Every structure is written in C-alpha cells, then in structure tokens.
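This report describes a structure for a reader who is new to it.

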Amino acid sequence: MRPETLAALNAARADRRAAILVTDIADGEQRLVAAEAVEADPLAPLLARALASGRSALVEAEGRQLFLTVQVPPVRLVVIGAVHIAQALAPMAAALDLAATVIDPRTAFASPERFPGLDLVADWPDRALGARVPALDRYCALAAITHDPKIDDPALAAALGAGCFYVGALGSRKTHAARLARLAAAGLTEAQTARIRAPIGLDIGAATPAEIALAILAEIVQALRRPEPA
Amino acid sequence: MLSSDSDILAAAEAWRRAGRGVALATVIETWGSAPRPVGSHLVIDDMGRFLGSVSGGCVEGAVIADALDVIEAGTPRLLEFGVADETAWRAGLSCGGRIRVFVERVG
C-alpha cells in the first residue's frame, strides 16, 4: 500500500468520512474511493452495496478478485441523562471501543465526580448537539435515559432526523405511548418514531443499572452488526 | 484495551513515518468458525513487532514470518490457513475454520 493511500484512509476515518479501499489481490494494485465518488465509479453497484453493509468483503468483478476494505466512521454513542445507568454504561461502552458522550443539563447529575474521565456535557441536548458535541449522523447510537420528556424528546427527534442507526428510550410501554403521541404532535412521522427502541435494551430481565446498561449495549451491538433490512 | 482497526491503521502510518519497514495483513476471506472477521488487520514492522490480530493468536506467528519477507521483497502475498492445510502450513486454526490473509508492504 502506498503511504499516501494509507494516510488518506486514516484521514477519512478521522474526519468521519466513509471510504472504500479497492485492492486487486492478484497484484496488490489499489485505489481509494470516497463515499461521494461511489455513484460515478465503474464498480458503483458493488461499492454501494458494500458501503451500505459497512462490511469489508472479497468480491469478483471483470474476472478479478477484489478486496473491498470498507471504512465507515467509528461508532459514537450519545447518552442523554447523566443518571445511574449512564455511570455503568460509560465504562462498558469504552470496553467496546464505543466513544461515548453523556449529555444532561442538570449539573447535579452531570458532575465530573460522577463520571471521571468521560466526555460529559452539562447542557441541553438540542443546544449541545451540533455545537459542543458533533452533530449526530447515521453512525451514531443515541440512548435517551433521563425519564424527563423536556430533555429526552428533543434529543430523540434529533436522532431520528439524523438517521442514527440506533435510537433507544428508557420507559415503560405506557410511558412510551405517551412519548409517541408527543413526538407525533411535534411533527415526526410514524415511520420515524417506529424506529425508537422502547422499552430500551434487549429483553434479558435486566434489574440493576449495570444490567440495564448491558442490555442497552447488547441492543446497540445487534443494531450495528445485524441491521434490519431497510 | 483492545486495539481497534483504526488504531492499527494509524499505527501502520506512524510506524512508516518513523522510518520502519511495515507490512499490513488483512483477513480477506473466512470459512467456517474463523476467529476474526473479514477486514481484521495485523500490522507488522521489520523487527517483528506487531499490533492487531488476524486469528486471535492461532496463526499470527506464521503471518509475521511471511510479513518480514513481504517487507523485504515488496511483493504482496496471499496466505491461507486452516485445519485442512495442516500438511502444507506450519500453523493451523484449532477452531476448524479456514482463513485467507492478504499481506502487503506499506511504502
């Protein structure tokens, strides 16, 4: 691999730009295709499919075996609510290589003592996102766990609008029904709100904050690795 | 902390910039219960130092040996490991899977 190709690949990753490295495994010939250049590429259908799956793969084209190194931006986790579950969730997310940010406007909750070493933002989600915290995109997971509609709802709306691959919200079925009504009144479509996972987390009978955190992370991994067909 | 693929590619670039000979190994195909998914990387320098994993430890030694040759010669190699190939290869995968690994020089 040419050093400049590797540097370009790493730069794309750092800037959260998706790209595909195409390697002819017979002779090692390579070229880097940026996500925005896929449509005009001679291998457009193959590359588009690989990009959508987010997975690297060996393919055959024009009688050649090509390896597609699919690089999509690293997944980010945005947690709304500096609550007990978030305290358990943050270190577990780090162990999974998920860069986590916790947002909560209530400074009593969002205190550095409660979240040592974590990216913690004591502000309203709709003010923090796109400013202090990079805007949400489809490579983000958002978990809204404050139980407070004033804080959770705007964040959920932003996550659905940005097409986050995972949008979860804490609360019982009854709480969620009320939430759906509020979001509909705020102009979100049923197709959008249907993407919210609630009650949040895989159903493993989680009882403690750490167990709920585990259930949430397991559900995020499932959404990432086994995405539902669009 | 586990090394993510981004750390590995960043290390490959940093090592190359530091003037070290560098090879990148990538899992390009798997069959059966392979330990590491397609796209997993292992970066190796000319001293045999490495970061990442292509098999969770089963065949890294053999990949590193080939990587040193690739750093020297500059020609990429395609390696295949699996229980079926025990006679042909020094290393095998205990899990019963098979993997193909592409090894290329950086630079």
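A salt bridge is a side-chain nitrogen of Lys or Arg within 4 Å of a carboxyl oxygen of Asp or Glu. By that rule, a search of the whole structure finds 18 salt bridges over all chains. This is a predicted model, in which local features need pLDDT of at least 70, side-chain atom pairs count only at pLDDT 80 or more, and totals for chains, interfaces and linings use all residues. Residues are numbered from 1 along each chain as its sequence is written, chains are lettered from A and ligands numbered from 1 in the order in which they are written, and side-chain values use heavy atoms, with hydrogens and water left out.

Asp119(A) and Arg132(A) form a salt bridge through their side chains, at 2.7 Å from N to O. Because Asp119(A) lies in strand E7 (residues 119-121) of chain A and Arg132(A) in the loop between helix H4 (125-128) and strand E8 (140-144) of chain A, the pair ties together parts that are 13 residues apart in sequence. Helices (H or I, at least four residues) and strands (E, at least two) are DSSP runs, numbered from the N terminus.

Across the interface of chain A and chain B, the rule finds zero salt bridges. Contact (heavy atoms within 4.5 Å) involves 21 residues of chain A and 26 residues of chain B. The buried area, that is, the accessible area (1.4 Å probe) that two parts lose on being put together, summed over both, is about 1,700 Å² between chain A and chain B, and carbon and sulfur atoms give 64% of this.

Axes are lines fitted to C-alpha atoms, for helices over the stretch in contact, and angles run from 0 to 180 degrees between N-to-C directions.

| Helix pair | Angle | Axis distance |
|---|---|---|
| H5(A) (residues 149-162) and H6(A) (residues 173-185) | about 60° | 11 Å |
| H3(A) (residues 84-95) and H8(A) (residues 209-225) | roughly 55° | within 8 Å |

Angles under 35 degrees count as roughly parallel, over 145 as roughly antiparallel, 65 to 115 as roughly perpendicular and the rest as oblique. H5(A) is therefore oblique to H6(A), and H3(A) and H8(A) are likewise oblique to each other. In H5(A), Pro149(A), Asp153(A) and Leu156(A) meet Arg179(A), Arg182(A) and Leu183(A) of H6(A).

Which residues make the contact between H3(A) and H8(A)? Among them are Ile85(A), Leu89(A) and Met92(A) of H3(A), with Ile212(A), Ile216(A) and Leu217(A) of H8(A).

Most residues other than glycine have a negative phi, and most peptide bonds are trans. Glu62(A), in the loop between strand E3 (57-61) and strand E4 (64-71) of chain A, has a positive phi near 50°. A cis peptide bond, with omega about -5°, joins Ala198(A) and Pro199(A). Pro199(A) is placed in the loop between helix H7 (190-193) and H8 of chain A.
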